[in-house]
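Hi everyone, thanks for coming. I'd like to walk you through one structure today, so please have a look at it before I start.

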Amino acid sequence: MPLSRKTPLRRTAFKRRRGPIKASPKTLEKRIREKMLDDLCREVTFLRDRHTCVRCGRGLLDLNKFGKPTVLHWAHVITRRIRRTRWRLENVMTLCEGCHFGFWHRAKIRMQDWPDQKAMEWFEMKFTDRYAMLRLMQNDRSPLPDATLVRMYLEHERRRLAA
Ligand SMILES: [Zn+2]
């Protein structure tokens, strides 16, 4: 089965939070850990992709089609709601804002969890090995790796890419 939408669309991106954050210390700790991994993984992704959009090739010094500076996004293949693949480098890439919203998810206003089907086919063609790896990971039922191991993996990749 190809990588595909397994869960119905959920529109969470622009939902406003009501009232103060109510979370237990343990939940807050988990969120901070996740934020750290997100930041690290984003950094490694941009480093690997040389701070350019993997689809259109625009970098931070290029102007977008509206003549404005390019904004780069950290984009996921399998939605980041799924923790197993959230910080795997096979699952992430650098996209400019235009490609992220205009091509990858296509719907500009309603941010979808999963990419457009045509965009997924483009990913499979361009990154065949990564796509195959993600398919394997999607069927993986082993326990989730803990945050420390994920951090070590990403730091190792950062050192390797910076060398
Ligand atoms: Zn682009």
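Predicted model: local features only at pLDDT ≥ 70, side-chain atom pairs only at ≥ 80, totals over all residues.

The mean pLDDT of the protein chain is 87, with 85% of its residues at 70 or more.

Now the layout. The protein chain has six helices and two strands, and along the sequence they come in the order α-β-α-β-α-α-α-α. There are 163 residues in the chain, and 18% of them count as buried. If we take contacts between residues at least 6 apart in sequence, 68% join residues at least 24 apart.

Let's turn to the helix pair. How do the axes of H1 and H6 cross? Helix H1 covers residues 25–48 and helix H6 covers residues 147–162; their axes come within 10 Å and cross at roughly 25°. An angle under 35 degrees counts as roughly parallel, and therefore H1 and H6 are roughly parallel to each other. The crossing of H1 past H6 is left-handed.

Which residues make up this contact? On the H1 side we have Arg33, Leu37, Leu40, Cys41, Glu43, Val44, Leu47 and Arg48. They meet Ala147, Val150, Arg151, Leu154, Glu157, Arg158, Leu161 and Ala162 on the H6 side. Sorted by class, the contact of H1 with H6 has 10 nonpolar and six charged residues, and no polar ones.

While we're here, look at arginine 159, which also sits in helix H6. Is arginine 159 buried or exposed? It has 10 other C-beta atoms within 10 Å, so it is exposed.

Next, the loop. If you follow the chain from H1 towards strand E1, residues 72–76, you pass arginine 50 in the loop between them. Histidine 51 is in the loop between H1 and E1 too. As a reminder, most residues other than glycine have a negative phi. Arginine 50, though not a glycine, has a positive phi of about 55°, and histidine 51, again not a glycine, has a positive phi of about 50°. How exposed are they? Arginine 50 has 11 other C-beta atoms within 10 Å and is therefore exposed. Histidine 51 has 15 within that distance, so it is partly exposed.

My last stop is H3. Its buried residues are Gly98, Cys99, His100 and Trp104. What covers them? The cover includes E1, E2 and helix H4, residues 117–126.

Let me pick out tryptophan 104, which belongs to helix H3. Why does tryptophan 104 count as buried? There are 23 other C-beta atoms within 10 Å, and the cut-off for buried is 20 or more. Leaving aside residues up to four places away in sequence, tryptophan 104 touches Ala75, Leu95, Cys99, Pro115, Asp116 and Ala119. From C-alpha to C-alpha, tryptophan 104 is 9.5 Å from histidine 76, and the two are 28 residues apart in sequence. Just after H3 there is another backbone angle to look at: arginine 106 takes a positive phi of about 60°.

That's my tour, and I'm happy to take questions.

Key. Residues numbered from 1 in each chain as written. Axes fitted to C-alpha atoms, helices over the stretch in contact; angles between N-to-C directions. Helix = DSSP H or I, 4+ residues; strand = E, 2+ residues; numbered from the N terminus. Parallel < 35°, antiparallel > 145°, perpendicular 65-115°, else oblique. Left-handed = near helix turned anticlockwise from the far one by under 90°. Contact = placed C-beta atoms within 7 Å. Nonpolar A, V, L, I, M, F, W, Y, C, P; charged D, E, K, R; others polar. pLDDT = per-residue confidence, 0-100. Buried ≥ 20, exposed ≤ 12 C-beta atoms within 10 Å, placed from the backbone.
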